[in-house]
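Here is a short briefing on two parts of one protein model. Please look over the sequence and the fold before reading on.

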Amino acid sequence: MKRYDRAYFDKWYRGRDPITTAAELRRKVALAVAEAEYFLRRPLRSVLDIACGEGAWFPHLKALRPRASYRGIDPSPYTVKTFGKKRHIEQGTFRDVARIDRTFDLVVCADALHYIGDDEILGGLPDIVRVAGGIVFLEVLTREDEIVGDLEGFIRRPAKWYRARFDAAGLTQVGPYTWLSPRLREDAAELET
(Lines give C-alpha, C1' and ligand atoms only; values in the text may rest on other atoms or scores of the structure.)
Protein backbone atom coordinates (compact mmCIF):
# COMPACT_ATOMS: atom_id res chain seq x y z
CA MET A 1 0.00 0.00 0.00
CA LYS A 2 1.23 3.45 -0.92
CA ARG A 3 2.38 5.54 2.03
CA TYR A 4 2.38 9.32 2.06
CA ASP A 5 5.08 9.64 4.70
CA ARG A 6 8.11 11.86 5.04
CA ALA A 7 10.14 9.65 2.67
CA TYR A 8 7.49 10.12 -0.03
CA PHE A 9 7.49 13.92 0.26
CA ASP A 10 11.29 14.02 0.53
CA LYS A 11 11.58 12.06 -2.71
CA TRP A 12 8.99 13.85 -4.85
CA TYR A 13 9.01 17.38 -3.44
CA ARG A 14 12.44 17.95 -1.90
CA GLY A 15 14.70 15.49 -3.70
CA ARG A 16 17.23 16.10 -6.45
CA ASP A 17 14.53 16.26 -9.13
CA PRO A 18 11.34 17.56 -7.49
CA ILE A 19 8.15 17.28 -9.53
CA THR A 20 7.57 21.01 -9.12
CA THR A 21 9.46 24.08 -7.98
CA ALA A 22 8.43 26.75 -5.51
CA ALA A 23 8.18 29.24 -8.39
CA GLU A 24 5.88 26.93 -10.39
CA LEU A 25 3.67 26.36 -7.38
CA ARG A 26 3.53 30.09 -6.62
CA ARG A 27 2.36 30.78 -10.21
CA LYS A 28 -0.31 28.07 -9.92
CA VAL A 29 -1.58 29.49 -6.63
CA ALA A 30 -1.57 33.03 -8.07
CA LEU A 31 -3.59 31.80 -11.06
CA ALA A 32 -6.21 30.13 -8.85
CA VAL A 33 -6.47 33.19 -6.58
CA ALA A 34 -6.80 35.54 -9.57
CA GLU A 35 -9.49 33.37 -11.19
CA ALA A 36 -11.45 33.15 -7.94
CA GLU A 37 -11.28 36.88 -7.30
CA TYR A 38 -12.17 37.68 -10.89
CA PHE A 39 -15.40 35.71 -10.73
CA LEU A 40 -16.20 36.56 -7.10
CA ARG A 41 -15.56 40.26 -7.81
CA ARG A 42 -13.86 40.66 -4.43
CA PRO A 43 -10.76 39.48 -2.52
CA LEU A 44 -10.43 35.81 -1.68
CA ARG A 45 -11.60 34.99 1.86
CA SER A 46 -11.47 31.20 2.21
CA VAL A 47 -9.74 28.14 0.75
CA LEU A 48 -10.36 24.41 1.12
CA ASP A 49 -7.45 22.25 -0.05
CA ILE A 50 -8.39 18.57 -0.48
CA ALA A 51 -5.61 15.95 -0.51
CA CYS A 52 -3.33 18.85 0.36
CA GLY A 53 -0.27 16.80 1.30
CA GLU A 54 2.01 18.95 3.42
CA GLY A 55 -0.12 22.01 2.68
CA ALA A 56 2.31 23.41 0.12
CA TRP A 57 -0.31 25.92 -1.06
CA PHE A 58 -0.64 27.40 2.44
CA PRO A 59 2.47 29.68 2.53
CA HIS A 60 1.84 30.95 -1.01
CA LEU A 61 -1.80 31.72 -0.24
CA LYS A 62 -0.85 33.48 2.98
CA ALA A 63 1.75 35.56 1.11
CA LEU A 64 -0.89 36.64 -1.42
CA ARG A 65 -3.92 36.92 0.89
CA PRO A 66 -2.84 36.97 4.56
CA ARG A 67 -6.43 37.34 5.80
CA ALA A 68 -7.85 34.41 3.83
CA SER A 69 -8.65 31.32 5.88
CA TYR A 70 -7.15 28.00 4.83
CA ARG A 71 -8.36 24.50 5.64
CA GLY A 72 -6.48 21.45 4.41
CA ILE A 73 -7.63 17.83 4.36
CA ASP A 74 -5.25 14.94 3.81
CA PRO A 75 -5.33 11.21 4.57
CA SER A 76 -1.66 11.05 5.63
CA PRO A 77 -1.04 10.76 9.39
CA TYR A 78 2.47 12.14 8.72
CA THR A 79 1.20 15.39 7.18
CA VAL A 80 -1.39 15.96 9.89
CA LYS A 81 1.11 15.28 12.68
CA THR A 82 3.90 17.36 11.12
CA PHE A 83 2.00 20.24 9.51
CA GLY A 84 -1.56 20.01 10.84
CA LYS A 85 -1.46 22.69 13.50
CA LYS A 86 0.86 25.07 11.65
CA ARG A 87 -0.92 24.80 8.27
CA HIS A 88 -4.48 23.99 9.39
CA ILE A 89 -4.54 20.44 8.01
CA GLU A 90 -6.93 17.80 9.33
CA GLN A 91 -7.12 14.06 8.70
CA GLY A 92 -9.52 13.11 5.93
CA THR A 93 -10.09 11.80 2.44
CA PHE A 94 -11.76 13.11 -0.69
CA ARG A 95 -15.08 11.71 0.53
CA ASP A 96 -14.76 13.42 3.93
CA VAL A 97 -15.72 16.71 2.29
CA ALA A 98 -19.27 15.43 2.96
CA ARG A 99 -18.91 16.45 6.62
CA ILE A 100 -18.08 20.08 5.81
CA ASP A 101 -21.03 22.41 6.31
CA ARG A 102 -19.84 25.70 4.81
CA THR A 103 -18.70 27.09 1.47
CA PHE A 104 -15.27 28.26 0.34
CA ASP A 105 -14.26 30.84 -2.25
CA LEU A 106 -11.64 28.47 -3.64
CA VAL A 107 -11.66 24.67 -3.45
CA VAL A 108 -8.40 23.01 -4.47
CA CYS A 109 -7.61 19.40 -5.29
CA ALA A 110 -4.19 19.50 -6.93
CA ASP A 111 -2.29 16.50 -8.24
CA ALA A 112 -4.49 13.95 -6.47
CA LEU A 113 -7.54 12.89 -8.50
CA HIS A 114 -5.44 10.66 -10.76
CA TYR A 115 -4.63 8.53 -7.67
CA ILE A 116 -8.24 8.32 -6.40
CA GLY A 117 -10.63 5.56 -7.46
CA ASP A 118 -13.68 6.18 -9.64
CA ASP A 119 -16.21 5.45 -6.88
CA GLU A 120 -14.57 7.89 -4.47
CA ILE A 121 -14.42 10.64 -7.11
CA LEU A 122 -18.04 10.10 -8.15
CA GLY A 123 -19.17 9.98 -4.52
CA GLY A 124 -17.18 13.08 -3.55
CA LEU A 125 -17.80 15.41 -6.50
CA PRO A 126 -21.31 16.44 -5.40
CA ASP A 127 -19.88 17.55 -2.06
CA ILE A 128 -17.04 19.42 -3.77
CA VAL A 129 -19.66 21.33 -5.75
CA ARG A 130 -21.78 21.89 -2.64
CA VAL A 131 -18.91 23.54 -0.71
CA ALA A 132 -17.63 25.52 -3.71
CA GLY A 133 -18.72 29.12 -3.47
CA GLY A 134 -16.45 30.32 -6.25
CA ILE A 135 -13.74 28.46 -8.15
CA VAL A 136 -12.71 24.81 -8.03
CA PHE A 137 -9.07 24.18 -8.98
CA LEU A 138 -8.80 20.54 -10.10
CA GLU A 139 -5.27 19.85 -11.28
CA VAL A 140 -5.38 16.38 -12.75
CA LEU A 141 -3.19 14.53 -15.23
CA THR A 142 -4.77 12.33 -17.88
CA ARG A 143 -3.97 9.43 -20.17
CA GLU A 144 -3.09 11.92 -22.90
CA ASP A 145 -0.46 13.73 -20.82
CA GLU A 146 3.25 12.98 -20.73
CA ILE A 147 3.74 12.27 -17.06
CA VAL A 148 6.92 12.73 -15.08
CA GLY A 149 6.90 11.82 -11.42
CA ASP A 150 5.09 9.38 -9.18
CA LEU A 151 3.38 6.70 -11.28
CA GLU A 152 2.67 4.28 -8.42
CA GLY A 153 -1.11 3.95 -8.20
CA PHE A 154 -1.59 6.44 -11.05
CA ILE A 155 -4.94 5.86 -12.81
CA ARG A 156 -4.71 6.70 -16.51
CA ARG A 157 -8.16 8.04 -17.28
CA PRO A 158 -8.78 9.97 -20.50
CA ALA A 159 -9.37 13.72 -20.25
CA LYS A 160 -12.90 13.23 -21.59
CA TRP A 161 -13.71 11.06 -18.52
CA TYR A 162 -12.91 13.96 -16.17
CA ARG A 163 -14.62 16.56 -18.37
CA ALA A 164 -17.82 14.50 -18.47
CA ARG A 165 -17.85 14.04 -14.66
CA PHE A 166 -17.06 17.68 -13.92
CA ASP A 167 -19.73 18.82 -16.38
CA ALA A 168 -22.31 16.41 -14.93
CA ALA A 169 -21.52 17.80 -11.46
CA GLY A 170 -22.37 21.31 -12.69
CA LEU A 171 -18.84 22.70 -13.02
CA THR A 172 -17.87 24.95 -15.96
CA GLN A 173 -14.26 25.23 -17.10
CA VAL A 174 -12.95 28.81 -17.11
CA GLY A 175 -9.18 28.32 -17.29
CA PRO A 176 -6.34 25.83 -16.85
CA TYR A 177 -7.52 23.30 -14.24
CA THR A 178 -10.03 25.95 -13.14
CA TRP A 179 -13.77 25.33 -12.89
CA LEU A 180 -16.54 27.75 -12.00
CA SER A 181 -19.02 26.59 -9.37
CA PRO A 182 -22.72 26.50 -10.29
CA ARG A 183 -23.30 29.34 -7.79
CA LEU A 184 -21.40 31.75 -10.05
CA ARG A 185 -22.22 30.30 -13.48
CA GLU A 186 -25.29 32.45 -14.14
CA ASP A 187 -23.24 35.64 -13.59
CA ALA A 188 -20.54 34.63 -16.08
CA ALA A 189 -20.55 36.04 -19.61
CA GLU A 190 -20.72 33.51 -22.42
CA LEU A 191 -17.12 34.01 -23.56
CA GLU A 192 -15.78 33.81 -19.99
CA THR A 193 -16.63 30.12 -19.97
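The notes below cover a strand with its partners, then a helix.

This is a predicted model, in which local features need pLDDT of at least 70, side-chain atom pairs count only at pLDDT 80 or more, and totals for chains, interfaces and linings use all residues. Residues are numbered from 1 along each chain as its sequence is written, and side-chain values use heavy atoms, with hydrogens and water left out.

- Strand β4 spans residues 104-110. Helices (H or I, at least four residues) and strands (E, at least two) are DSSP runs, numbered from the N terminus.
- Seven of the seven residues in β4 are buried. Buried means under 20% relative accessible area, exposed over 50%, partly exposed in between (1.4 Å probe, protein chains only).
- Strand β1 (residues 46-50) runs parallel to β4, joined by three bridges. Two strands pair if DSSP finds at least two bridges between them.
- V47 stands opposite L106 in β4.
- Strand β5 (residues 132-139) is also parallel to β4, with six bridges joining them. Here A110 stands opposite E139 in β5.

**Helix α4**

- Helix α4 covers residues 77-87, and its buried residues are Y78, T79, F83, G84 and R87.
- Exposed P77, K81 and K85 sit on the face of α4 turned away from its buried side.
- Just after α4, H88 takes a positive phi of about 60°.
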